[in-house]
Amino acid sequence: MTPIDGDSAALLPAPFREWFSARGWTPRSHQLELLRRTGEGRSALLIAPTGAGKTLAGFLPSLTDLAGRLKPKPGEPRRGVHTLYISPLKALAVDIQRNLTQPVDEMGLDIRMETRTGDTPAHKRQRQKHVPPDILLTTPEQLALLIASADAERFFAGLKYVVLDELHSLVTSKRGHLLSLGLARLRRLAPGLVGIGLSATVAEPDALRRWLVDQTQTAAMADIVTVAGGAKPEITILETEERVPWSGHSARYAIPAVYEAIRRHKTTLLFVNTRSQAELLFRELWHINEDNLPIALHHGSLDVAQRRRVEKAMETNSLRAIVATSTLDLGIDWGDVDLVVHVGAPKGASRLAQRIGRSNHRMDEPSRAILVPANRFEVMECRAALEANYLGAQDTPPLGDGALDVLAQHVLGRACAGPFDEAEFFDEVRSAAAYSGLDAATFSRVVEFVATGGYALKTYERYARIRRMKDGRWRISHPRIAQQYRLNVGTIVEAPMLNVRLTRQRGGAMRGGMVLGKVEEYFLETLAPGDTFMFSGRTLRFEGIRENECFVTSAAGQDAMVPSYAGGKFPLSTYLAGEVRAMLGDPERWRALPEQVADWLRIQKEKSVLPRRQDLLVETFPRASRHYMVAYPFEGRLAHQTLGMLLTRRLERAGARPLGFVATDYSLAIWGLEDMGGMIRRGVLSLAQLFDEDMLGDDLEAWLADSWLLKRTFRNCAVISGLVEKRHPGQEKTGRQVTVSADLIYDVLRAHEPDHILLQATWRDAATGLLDIARLGEMLSRTRGRIMHKDLERISPLAVPAMLEIGREPVPGGASESLLGEAADSLIEEAMGGA
Amino acid sequence: MTIVEGMGGVLPAVEIAVAGEGAVCDPSGALYLPADRLLVVSDLHLEKGSSYARRGSMLPPYDTAATLKRLAAVIDRHRPAAVVSLGDSFHDAGGAGRMPEAFRERLLALMAGRQWYWISGNHDPLPPEGLPGHWVEELAVGSLIFRHEPSQGEAEGEIAGHLHPGARIVRRGRSVRRACFASDGARLVMPAFGSLTGTLNVLDRAFAGLFRREALTAYMLGAERVYPITGAMLRPA
């Protein structure tokens, strides 16, 4: 430990120096560096791994400033909020308050701290408005509400610091867009405001630095303070005598080895990518849990009370292992985790680093992690992620442009706070990093949308929500509009979910029973009474749906028939995909792979070919009475699914009579009745044309018209932009009814005003979201002129994983009309006695 | 199944019987009674968009135009002597008064030269402002009785609307949901014809007691034909 030098002595007031030394601590250099820079009035980004004392560093500028503050003079108007802390999680705000209270109390500082979240009772929120605390800890949604209130100006006039925690996780989502606009507003309300961003390591720190400051000056950036990583984590890939499966995501083969690892450690955190994987892993572990180790399950669909119980048990170190999805990704402290096991490939190098960071919260000791690939491609992906970790490579997603539906919400919020001038407000919006590229015409269309829906047919002028007054400024037309706004604020639109209730009676009256949690409606839609599935660590039998609840009975001891529901699946990151392709094309690197996987690649090389890093391999072969085409773009499941939809349309036109396709993270398999390999040989079918980028034009347009993917995206945009109202507990409008009406609106809008701004917003969202068109486009342009075709007599080793997925999931596409036809025809068949 | 030939082309429609009366389920969601040259549509919910806009939700203002266009097409196809609008013709009591002039003229043109019956509904308890036609609570034609809300218990020959029936089937892991005519041969509940109207599953409690369960068939509306699906194949919600 180095003694405090003169500089820092000047920076830190006496009570702080005494507090540090009383505990035998020395302020860390990054804490002082941040203090120095913000002290000069500059905003700063602190990038640090977990356990580096990030929170205290983020609050030191504000705490020291508050400590030096003079007592208010008699008659002085009440002070507003001094520091605003914003976190992505309610629980994190509460946790931070607890952690800060200790040093503040020990130093005897007169600082009032309060949290404000969706759970804060109305009377307390009211009081906070009148008597603001010095430090307010809150969420992006609450900030939006605060700046939309008529007294926002007074409330924030004295604001000096805003601390943004876990910034890396916020900025890439619509919540981040809303926060970015809120921050721009705060800078206007409190000139001189200092922003402090706290973030894990990211691929492009400069993007975050811009995000923190006013972008009126192009590419202005906040200062940056970086804390070097502590000890390198010890990561290993699970080695086992067992055969690594060709496909699938269960990693069943590794369960005994994972159990052994749990036994050898104090507390193990097991991460998986989907809820169904979590359920499966949890059940399999308990199957062999001969020592009755306390192993728990934690994921977002479980009942809140159940999750809280698990979290409590974690805090008191009374669990040996916990199986979790991304719900545990963010920074709450979880006691003494000494091992992280990642089951299934991590899909992204940065995600892996952040998850490993959940173990061993002391910077100077290495974290321990074991990666458990679920299939052979995942072995390569785990290897790539491991190497990336040692290289310090990052693949957090780029920030992207701010969404227009979020902007619409913000415009209405701005009007609720008071009248605004369009040009001035436009400048403010463009000062937010996410919206710095916005043009005036689009902004005007968004304002029009907020006013009257922005339709070409101008029939709603008299119902306008905001109106332009004589002085040219916009204001809300009725106080009711502000009430509506307050009920609909936020960017998180929950998929319609149903409660899962466990009853005793099979097929009997559906009522009563314990609530196990919530499941997405679209999953339940595919179930028939009697089907079994896994949830909350049990095998359940689906009995039926009544009102907004799904009733199930216990099916203990049975195997679940319906394998999965893939809540929260991440696509493979571009970086890892590139690394896996590089590994595939370079036999030198196979030495790092387990023998059975290296063998698999050697045989592939013999029987077919291995593509080089920049190439796209396409294989064709017959099997049974079908002909197959398998492509290996490695661009993730979403992009492959879109590609599959488009290729089958093109193959249909080319006369290849395709029947279906299946997409994995790594490859795409299409099957049909015609010999596609032969068609290519004869020159009837051109792969260059088939994979031409122009598929992203008309074909995409035609397919999308009726795609549920776009409808789901539209529904979110409609809710966020305020076109349809959000549902609220106890209201008659359930989420399911919103789905219906948003779909209807979508159809009407598409038919009558296809250029409407909300359809444009939907399209932009889908391109980067569920359809991943951006990534597909990059792949198509990268592989132009680099498509290798291999016409084979039989299936290749590399094709096996995708081929094994065939039949596991329903074939997407296919008109729903034909299903109706089948259902109606089966009736005729029944009548004719199957003749 | 039968082929109905009309001026609008050849459309496969489904012929059914309600209380012994022959009727044709049109894929548009209208019901045609050839014996009486009577066309029935239900729950048009005209001016629903503007009704929401008044309260601050700016739904697209194209619903009235879209509904009238489809109504014009089905009228053109069957050339009925009389039309029954089975209640909730307008989304609210002021709807007819709010309707833009161009739409009013379009509607008047459809009404010209034929009998027109407005049946009162819960959304439109008063006659539509400034529009001709007969305003009635119920209408009896032969052994059939037309009213907006289905009555409780058995009601042989009742044709009603109000509930916006829809049905859902699951095949090969995929779920298909459509608006439908729901009938057990004794009574029939019409699908909503309006272009911004949602559906309520026929297995919902709201339909309890209306049909003999074993005889229930949902005539689901496809893009170009109607699909009769027996009760046993239907799924809730």
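In strand β17 of chain B, the bridge partner of L221(B) is V226(B). That pair belongs to two strands, β16 (residues 217-221) and β17 (residues 226-230) of chain B, which pair in the antiparallel sense over five bridges. Four residues lie between β16(B) and β17(B), and the two strands form a hairpin. Please keep in mind throughout that this is a predicted model.

I remain with chain B for one residue. A192(B) sits in the loop that connects β14 (188-189) and β15 (200-201) of chain B. Is A192(B) buried or exposed? It counts as buried, because 26 C-beta neighbours lie inside 10 Å, and the cut-off for a buried residue is 20 or more. Which residues does A192(B) contact, once its neighbours within four places in sequence are left aside? They are S42(B), D43(B), H45(B), H164(B), A179(B) and T197(B). F181(B) stands 11 residues from A192(B) along the chain, and 9.2 Å separate their C-alpha atoms.

Let us now turn to chain A. Its division gives domain 1 (6-226), domain 2 (234-391), domain 3 (401-493), domain 4 (497-554) and domain 5 (608-706 + 768-817). The centres of domain 2 and domain 5 of chain A, taken over C-alpha atoms, are 34 Å apart. Between these two domains of chain A, five residues of domain 2 are in contact with five residues of domain 5. On the domain 2 side of that contact there are two nonpolar residues, two polar residues and one charged residue.

Next come the sheets of chain A. One of them is an open sheet of seven strands, with parallel pairing and the order β3-β4-β2-β5-β6-β1-β7 in chain A. Which strands stand at its edges? They are β3 (113-116) and β7 (223-226) of chain A; each has a single partner strand, so one side of each is left without a neighbour in the sheet. From one strand to the next, the twist averages 15 degrees. Helix α11 (residues 205-212) of chain A lies across β1 (44-47), β6 (194-199) and β7 of chain A, and runs at about 145 degrees to β1(A).

The other sheet I wish to show is also open and parallel; its six strands follow the order β8-β13-β12-β9-β11-β10 in chain A. Its edge strands are β8 (234-237) and β10 (295-298) of chain A, each of which pairs on one side only. Neighbouring strands here are turned by 20 degrees against each other on average, direction ignored. Within this sheet, four bridges join β12 (residues 339-343) to β13 (residues 368-372) of chain A, and the two run parallel. One example is V340(A), whose bridge partner in β13(A) is A369(A).

Helix α15 (residues 349-356) of chain A touches β8, β9 (268-271), β12 and β13 of chain A, and its direction makes about 145 degrees with that of β12(A). Helix α16 (residues 376-391) of chain A touches β8 and β13 of chain A, with its direction at about 165 degrees to that of β8(A).

Why is α15(A) described as largely enclosed by the rest of the structure? The reason is that eight of its eight residues are buried. Among them are R351(A), L352(A) and I356(A). The cover over the buried residues of α15(A) includes β8, β9, β12, β13, α16 and α22 (574-584) of chain A.

In general, an α-helix has 3.6 residues a turn, so residues three or four places apart point the same way.

I finish where the two chains meet. The contact takes 39 residues from chain A and 35 residues from chain B. On the side of chain A, the elements that give two or more residues are α20 (479-488), β19 (538-546), α29 (735-752) and α33 (816-831) of chain A. By class, that side of chain A has 21 nonpolar, 11 polar and seven charged residues.

Technical notes. Residues numbered from 1 in each chain as written. Chains lettered and ligands numbered in written order. Predicted model: local features only at pLDDT ≥ 70, side-chain atom pairs only at ≥ 80, totals over all residues. Pairing = 2+ DSSP bridges. Axes fitted to C-alpha atoms, helices over the stretch in contact; angles between N-to-C directions. Contact = placed C-beta atoms within 7 Å. Domains from an automatic or database assignment. Nonpolar A, V, L, I, M, F, W, Y, C, P; charged D, E, K, R; others polar. Buried ≥ 20, exposed ≤ 12 C-beta atoms within 10 Å, placed from the backbone.
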